[in-house]
Amino acid sequence: MLNLCLINNSKGFYTPQNKTFKSWLNFLKSNENFEINIVLENKDKMREYNHKYRNKKKFTDVLSFPYDGHQPKGILILGDIIMCPEAIYDKANKYSFSIKNCWAHMTIHSTLHLLGYKHDEERDRFLMEKKEIELLGQLGVQNPYFYNAS
C-alpha cells in the first residue's frame, strides 16, 4: 500500500489531487507499505532548492530525494519529491503535451529517481527512459521522448 503525503505550497496552476498521484504510482504494487512525500513549490523555491542541493542557479521542474535513513518496521520510506507546477505547465506547453500527461510523466520520472534510476550516463538514461515509457504506456500516456520511440 502506498502512503502519500501531498503538501501544496503553490498557487495559480493546476495540481493533481492525492488520488491522482496515487493512480500514477500504482506500479509500486507490493505487499509492503511504501511512503512518499510530494511537495509542490513555486519557481523561486525550486530555484533555491536546486541551488542548495544541486549547486545549479536555476529553477527545475522536479527534485527527488531518496530516503537513506533508518527504515521503521512495517513501512518502506522511498523519499521526498519536490515539484514545481509552473515549470510542469511550461514544459507541457513547450512540448504540446496535455498538462495531466506531463504531471504523470514527471511523477513517474521523479519516483524512478527514488528507486535508484539515473540519467547522468547515456546507458542509464536509456534504461530510465525505457522504464518511463513502459509505465506511461500502462497509463495510456504517449511516449514523451520523441527521439526514443522504439
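The dialogue below sets values against their cut-offs, for a model that is predicted.

Student: Why is Tyr145 called buried?

Tutor: Tyr145 has a relative accessible area of 12%, and buried means under 20%, so the label applies to Tyr145. Tyr145 is found in the segment after H5, and, leaving aside neighbours within four places in sequence, its contacts are His105, His109, Glu129, Glu132 and Ile133.

Student: How do you know that the side chains of Tyr145 and Glu132 are joined by a polar contact?

Tutor: The contact joining these two side chains is 2.8 Å, and the cut-off for a polar contact is a pair of N or O atoms within 3.5 Å. Two further polar contacts can be read against that cut-off: the side chain of Glu132 meets that of His109 at 3.2 Å, while the side chains of Tyr145 and His105 are joined at 3.1 Å.

Student: What makes Glu132 a residue with no salt bridge?

Tutor: Glu132, which has its place in helix H5 (residues 122–138), is buried, and its nearest side chain of opposite charge, Lys91, is 8.2 Å away. A salt bridge needs a side-chain nitrogen of Lys or Arg within 4 Å of a carboxyl oxygen of Asp or Glu, so at 8.2 Å Lys91 does not qualify as a partner of Glu132.

Student: Are Asp61 and Lys91 buried or partly exposed?

Tutor: Asp61, with a relative accessible area of 15%, is buried, whereas Lys91, at 24% relative accessibility, counts as partly exposed, because the cut-off for buried is under 20% and that for exposed is over 50%.

Student: What makes the pair of Glu86 and Lys43 a salt bridge, and which parts does the pair tie together?

Tutor: The closest N and O atoms of Glu86 and Lys43 are 3.7 Å apart, which is set against a limit of 4 Å. Glu86 lies in helix H3 and Lys43 in helix H2 (residues 43–54), so the pair ties together parts that are 43 residues apart in sequence. Salt bridges that share partners also join Lys43, Glu86 and Asp90 into one network.

Student: Why is H4 described as largely enclosed by the rest of the structure?

Tutor: Of the 16 residues of H4, 13 are buried, so the helix is largely enclosed by the rest of the structure. Helix H4 (99–114) is also part of what covers the buried residues of H5, and those buried residues are Met128, Glu129, Glu132, Ile133, Leu135 and Leu136.

Student: How do you know that the span of H5 is close to what is expected?

Tutor: H5 has 17 residues and reaches 24 Å from its first C-alpha to its last, and the expected span at 1.5 Å a residue is 24 Å. For H4, the reach is 23 Å, close to the 22 Å expected.

Conventions
Residues are numbered from 1 along each chain as its sequence is written. This is a predicted model: local features need pLDDT of at least 70, side-chain atom pairs count only at pLDDT 80 or more; totals for chains, interfaces and linings use all residues. Side-chain values use heavy atoms; hydrogens and water are left out. Helices (H or I, at least four residues) and strands (E, at least two) are DSSP runs, numbered from the N terminus. Buried means under 20% relative accessible area, exposed over 50%, partly exposed in between (1.4 Å probe, protein chains only). Lys and Arg count as positive and Asp and Glu as negative; His and the chain ends are not counted. A polar contact is a pair of N or O atoms within 3.5 Å; within protein, one must be able to donate a hydrogen and the other to accept it, and residues adjacent in sequence count only if both atoms are side-chain atoms. The expected span of a helix is 1.5 Å times one less than its number of residues. Contact means heavy atoms within 4.5 Å.
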